[in-house]
Amino acid sequence: MLVAGTGNIFLGDDGFGPEVIRHVTPDLGPGVVVADYGVGGLHLAYDLLDPWAALVLVDAVPDRGAPGTVHVFEADHESLSGATALDAHAMEPAAVFASLTALGGSAPRTVVIGCEVATVEEGIGLSAPVAAAVPAAVRAVQTTVAGLLAHAAAGRR
C-alpha cells in the first residue's frame with residue numbers, strides 16, 4: 001500500500017499533503033510505504049505502475065466554505081483519468097491518473113484524505129485552520145490504512 005502526500009509547499013495550504021506526511025509515522029504496517037511526492041505528479045504516476053493493493057492520497061481540496069475540514073472519500077478514477085495526457089509538472093490527481101493511464105497502468109483502489117483550503121496564494125506555511133487539521137488528517141491516515149490492511153487480511157482468509 002502506498003500513502004502519498006501531494007501538494008506545493010510554496011502555495012500556502014496546497015502544502016497540506018506534504019505536511020501531513022511529515023507527521024505520519026513510517027511504520028504503519030507491513031508493506032505500507034509512506035512518501036511525500038510534493039509536485040512530482042509524473043513520479044507518482046510511474047510509481048503507481050507497480051502493483052499496489054491500495055493508494056492513500058493526502059492532498060488539499062477546494063474550499064467549499066469550511067477551510068480546515070478534513071474529508072475522507074474513495075476516488076472515482078473514471079471521472080479523473082481522462083482529463084489530461086502526460087505532464088511532468090502536473091500534480092492534480094486527475095493529471096496523475098491520466099498520466100498513469102497513458103503509461104499503460106491502472107490505478108489501485110484509492111482513498112483520498114483531503115483538507116479544504118483557506119488560501120493557495122504564494123507563500124510557505126499553512127493557514128491556521130488547515131494547520132489545525134493536520135492531527136486529524138494524521139489520525140485519518142492511520143485509521144484508513146488500518147482498515148485497508150484489515151480488509152486485505154480478511155480477503156486472504
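Reader: Which residues of α4 are buried?

Author: In this predicted model, helix α4 spans residues 93-102 and is mostly covered. Eight of its ten residues are buried. By name, the buried residues in α4 are Pro93, Ala94, Ala95, Val96, Phe97, Ala98, Ser99 and Leu100.

Reader: Is Ile124 buried or exposed?

Author: Ile124 sits in the loop between β5 (109-116) and α5 (128-156). Together with Ile9 and Phe10, Ile124 makes a nonpolar surface patch of about 330 Å². A residue is called exposed when its relative accessible area is over 50%. Because the relative accessibility of Ile124 is 67%, this residue counts as exposed.

Reader: Which element gives the most to the largest nonpolar core?

Author: The largest nonpolar core has 25 residues, and Val3, Phe16, Val20, Val141 and Val145 touch the most other members. At least two residues of this core come from each of α1, β3 (54-61), β5 and α5. With nine residues, the element that gives the most to this core is α5.

Reader: What is the bridge partner of Thr6 in β2?

Author: Strand β1 (residues 2-6) and strand β2 (residues 33-38) run parallel and are joined by five bridges. Within β2, the residue that partners Thr6 is Gly38.

Reader: Which unit do β1, α1 and β2 make?

Author: The strands β1 and β2 are parallel. Helix α1 covers residues 16-23.

Note on methods
Residues numbered from 1 in each chain as written. Predicted model: local features only at pLDDT ≥ 70, side-chain atom pairs only at ≥ 80, totals over all residues. Heavy atoms only, no water. Pairing = 2+ DSSP bridges. Helix = DSSP H or I, 4+ residues; strand = E, 2+ residues; numbered from the N terminus. Right-handed = clockwise from strand over helix to strand, strands pointing away. Patch = residues over 30% accessible without salt bridge, like charges linked within 9 Å, V, L, I, M, F, W, Y side chains within 5 Å. Areas by Shrake-Rupley, 256 points an atom, 1.4 Å probe, with all protein chains shown as cover. Salt bridge = Lys/Arg side-chain N within 4 Å of Asp/Glu carboxyl O. Buried < 20%, exposed > 50% of the residue type's maximum accessible area, 1.4 Å probe, protein only. Core = buried A, V, L, I, M, F, W, Y, C linked by side-chain atoms within 4.5 Å.
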